Amino acid sequence: MNRSPVLPAVEEKPVYVNRMFARIAPTYDLMNRLMTGGQDQRWRREMLDYCNLPPRGTLLDVGAGTGDIAYTALQRHPTLRAVGSDFTYEMMAAGVGKIPGVFLPFVQADTYALPFADNSFDAVVSGFLVRNVVDRVAAFREMARVTKPGGRVVCLETTPPSNSILGPLFRLYFFQIVPLIGSIVSGDRQAYAYLPHSTIEFPPPAELARMMEQAGLQHVFYVERMMKAVAIHVGVKLL
Ligand SMILES: C[S@@+](CC[C@H](N)C(=O)[O-])C[C@H]1O[C@@H](n2cnc3c(N)ncnc32)[C@H](O)[C@@H]1O
């Protein structure tokens, strides 16, 4: 299959992704706010609504980066116990202590091999992670493994642009303007060219939902936001 020249070969992807996030870690949060006009935090809050967390519940944020999802959850549920895991040390280091008075423990781990026992968490969330992994079904299977029976796996991700009337405008923004802002703010045009190219190659929401089902999750559904530029997928681990 022909691959975009911006994207790494499959076998190089984990190292490429790890190094890229290490480089952009110091400006990662700022770029998210700028690119989305602050909407990214709204999506993170919404995905937490789907987690159905019980009082004194437990949450794992996989590919947590600087921890925005887990921090939002801890601010909303003061009795929650949350952990962020990621394989990029620099992203987690940028997130440590960033919300005064809120403590979030981070664990360095690969998404395919989470260092937690089966059935540990009431909800396992990921934000903008799954696009970066090669075997998405295996990643969801591992998230399901550490989720308690009855718990939820919730995924926030970008969605390939449709051919709708807004498609060309969106493409212009995503392929030209985002890399330009990225080069100014983070000094890394390549990382913010990777974002649209990896999105365009990412499965559409219905296919991602099927991958979650293949990973053993049930009652899978999704909602689309920002003119279908992002989607939140939800699956339940029944057994
Ligand atoms: C786009 S950032 C998302 C950060 C955060 N979840 C958010 O909502 O902003 C993707 C993160 O996934 C991490 N990541 C990518 N592949 C991974 C893997 N195989 N195992 C663990 N972390 C991974 C990267 O290091 C990066 O911090």
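The structure is a predicted model, in which local features need pLDDT of at least 70 and side-chain atom pairs count only at pLDDT 80 or more, while totals for chains, interfaces and linings use all residues. Residues are numbered from 1 along each chain as its sequence is written.

The protein chain has nine helices and seven strands, where helices (H or I, at least four residues) and strands (E, at least two) are DSSP runs numbered from the N terminus. Its radius of gyration is 17 Å, close to the 18 Å given by the globule rule for 239 residues, so the chain is as compact as a globular protein of that length; the radius is taken over C-alpha atoms, and the rule is 2.2 Å times the number of residues to the power 0.38. The C-alpha atoms fill a box of roughly 45 × 40 × 35 Å along the principal axes. Buried residues (20 or more other C-beta atoms within 10 Å of the residue's own, with C-beta atoms placed from the backbone) make up 42% of the 239 residues.

The seven strands form an open sheet of mixed pairing in the order S3-S2-S1-S4-S5-S7-S6, two strands being paired if DSSP finds at least two bridges between them. The edge strands, listed below, each pair on one side only.

| Edge strand | Residues |
|---|---|
| S3 | 106-108 |
| S6 | 218-225 |

Strand S6 pairs with strand S7 (residues 230-236) in the antiparallel sense over six bridges, and the bridge partner of Phe221 in S7 is Val234.

Terms used: Buried ≥ 20, exposed ≤ 12 C-beta atoms within 10 Å, placed from the backbone.
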